[in-house]
Amino acid sequence: MPEIVQAGAWGLLAGSALLVGAWIGYRLRVPQKVIASVMAFGAGVLMSAVSFELVDEAYEQAGLMPAAIGTVAGAVAYTLGNVVLARRGARHRKRSGHGQAQPSEAQQSGSGMALALGALLDGVPESAVIGVSLLDGGAVSMVTVAAVFISNVPEGLSSSAGMRKAGRSKGYVFGVWGGIAAASTLAAVLGYAVVGGMPISVIAAVTAVAGGAILAMLADTMIPEAFEDAHLAIGLIVVSGFLVSFALSHA
């Protein structure tokens, strides 16, 4: 199978986890502490993936400077996009509806589109790096795919539960997450096709950019939801997610 097709297939697989989480969050009444727990686990998984699969990989490929510059650039780009969308109603897009809830369209006009764009902003860096990982020896990083898949389930679950409570229709909820799954496929393909053939320093910088964007996303959206209904074991759950991803990267 051509590698560019493989990139799209792996991106689609990782993105499909959003639909799984969305179905659970929209159809079932999941207890708030359970949502916080799975979000914490997903955050731990992504923290480890950023550390050992992205930033560390960029450092090994090109040294400290490209890795550092790329990481900061990714964080800045994500933060700027997040600020714009937050002002249009997407600030709490991963919230499940307790405490700081997502706004309805009646409360803030245009928030539906902002929520959809916010979900796209969160998902693209994760998927692009799946395609980039194929450039290293022609085999996808299974750790990266697994980390994105595992973290996407709680993301879709929490956000779709909040969308339901904000009065969003079933068509809107599953249309958003279906669209993000499709965008994940395209992002993985573009990550492979656009970056392929570039100097190793550029590949390293792109990998670091994705790492910085994901780390900023964790701090801005996933961690606040995880700790909104914190219980005594929440820190242990984050560590468990981190160790699962760490073990996969060193298996």
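This briefing looks at one pair of packed helices and at two single residues. Keep in mind that the structure is a predicted model. Two packed helices are described by the angle between their axes and the distance between the axes.

**How helix 2 and helix 5 pack**

- Helix 2 covers residues 32-62 and helix 5 covers residues 142-165.
- The two helices pack at an angle of about 145°, and their axes are 9 Å apart.
- The crossing of helix 2 with helix 5 is left-handed.

**Who meets whom**

- On the helix 2 side, the residues in contact include Ile35, Val38, Phe41, Gly42 and Leu46.
- On the helix 5 side, they include Val143, Ala147, Ile150, Pro154 and Lys165.
- Sorted by class, this contact has 13 nonpolar, 5 polar and 3 charged residues.

**Asn152, a residue of helix 5**

- You can find Asn152 in helix 5.
- Is Asn152 buried or exposed? Asn152 is buried, because its relative accessible area is 2% and the cut-off for buried is under 20%.
- Setting aside neighbours within four places in sequence, Asn152 is in contact with Ala14, Gly15, Ala17, Leu18 and Glu126.

**His250, after helix 8**

- His250 sits in the segment that follows helix 8 (234-249).
- His250 counts as exposed because its relative accessibility is 52%, and exposed means over 50%.
- Along the chain, His250 and Phe52 are 198 residues apart, while their C-alpha atoms are separated by 9.2 Å.

Terms used. Residues numbered from 1 in each chain as written. Predicted model: local features only at pLDDT ≥ 70, side-chain atom pairs only at ≥ 80, totals over all residues. Heavy atoms only, no water. Axes fitted to C-alpha atoms, helices over the stretch in contact; angles between N-to-C directions. Helix = DSSP H or I, 4+ residues; strand = E, 2+ residues; numbered from the N terminus. Left-handed = near helix turned anticlockwise from the far one by under 90°. Contact = heavy atoms within 4.5 Å. Nonpolar A, V, L, I, M, F, W, Y, C, P; charged D, E, K, R; others polar. Buried < 20%, exposed > 50% of the residue type's maximum accessible area, 1.4 Å probe, protein only.
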